[in-house]
Amino acid sequence: MFTPLAAYTLVATDLDGTLLRSDDTVSARSRAALARASSAGAQHLIVTGRPVPGIRALLTDLGYDGLVACGQGAQVYDAGAARMLSSATLDRELADTALGKIEAEVGQVFAAVDQDGADGRTLIEPGYRMPHPSLPAQRAGRRAELWAAPVIKVLMRHPELTDDELAAAARGAVGDLASVTMAGPGTVELAPFGVDKGTGIELAAGLLGRDLAGAVAFGDMPNDLPMFRRVGHRVAMADAHPELRAAADEITLSNGEDGVAVVLERLFAGDHVPPPERSPHLAAEKHLP
């Protein structure tokens with residue numbers, strides 16, 4: 001059911017594949033739409049798999065000074081104060097054990113870690129290829145070096161399995177040692193057990209004093225599902241993963257076509273235009289104009 005305009009007090013956006021274009025920029029149209037939502041009283045909240053060091057330059061470019069749920073929900077960061085408000089770490093011994101269990105099932109995987117802290121590094125072991133070459137990373141000589149400092153998550157790639165296959169195998173292998181999610185092409189991750197974008201958005205919204213029932217969220221990958229389960233209105237991008245499309249209330253255009261802006265322009269236009277109808281089984285396939 002369509003929620004009236006006045007109910008939207010929080011706009012939660014994923015970054016990669018959602019708000020960001022393929023060149024890691026936010027378009028002028030999306031900036032204007034977010035500004036319109038802000039003028040109407042809605043708070044913008046970025047909810048991303050990237051750790052704090054991987055988004056600081058982007059936040060500065062956007063002039064963003066609010067809270068950010070980072071690292072698949074493991075971190076909540078105050079951009080305006082440049083201060084980490086909360087951080088959950090993944091036990092390194094458990095992480096190493098989890099990787100061993102996964103490799104016992106599927107053979108060798110290549111791993112990387114995001115370290116804890118606002119200045120934590122991304123370390124990659126030999127054979128791991130960064131899905132976003134523009135993000136800063138440092139090479140480690142061997143896997144043991146990945147555990148030199150506390151980490152918030154582990155990233156994995158397999159030379160042959162698809163992301164869906166690797167994620168499914170990892171879930172079966174690790175049990176409650178860690179949470180497993182797929183965050184994008186070539187990005188299957190292990191996070192602290194029970195930590196995800198859902199817990200991250202809950203914590204951030206609570207700090208902001210915003211009710212998630214009045215939130216609209218945008219995403220494109222399975223790691224956005226826990227966030228979708230907690231908000232009032234869920235919007236998947238046109239090329240989103242099938243799991244997310246099935247969980248969405250509506251489907252917008254792609255990130256390259258300013259899909260976030262298209263929806264926000266409608267929701268905050270003041271005319272209460274409803275979204276396309278959602279089928280009982282799948283999110284509406286109709287694209288917005």
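Modeller: Helix α4 covers residues 92–106, and at 1.5 Å a residue its 15 residues should span 21 Å, which agrees with end C-alpha atoms 21 Å apart. The expected span is 1.5 Å times one less than the number of residues. Helices (H or I, at least four residues) and strands (E, at least two) are DSSP runs, numbered from the N terminus. The model is predicted: local features need pLDDT of at least 70, side-chain atom pairs count only at pLDDT 80 or more, and totals for chains, interfaces and linings use all residues. Residues are numbered from 1 along each chain as its sequence is written, and side-chain values use heavy atoms, with hydrogens and water left out.

Within α4, the residues A95, A98, L99, I102 and V106 are buried (under 20% relative accessible area, with exposed over 50% and partly exposed in between; 1.4 Å probe, protein chains only). Seen down the axis of α4, its buried residues fall within an arc of 100°, so they line one face of the helix; the arc is that of the directions from the helix axis to the C-beta atoms. E93 and A104, on the other side of α4, are exposed. The buried residues of α4 pack against β6 (110–115), β9 (151–157), α5 (163–174) and β11 (187–191), where contact means heavy atoms within 4.5 Å.

Just after α4, G107 takes a positive phi of about 90°.

β6 pairs with β9 in the antiparallel sense over six bridges (two strands pair if DSSP finds at least two bridges between them). In this pairing F110 stands opposite R157 in β9. β6 also pairs with β7 (residues 122–124), again in the antiparallel sense, over three bridges, and here A112 stands opposite I124. The hairpin of β6 and β7 has six residues between the strands, and in it G117 takes a positive phi near 100°.
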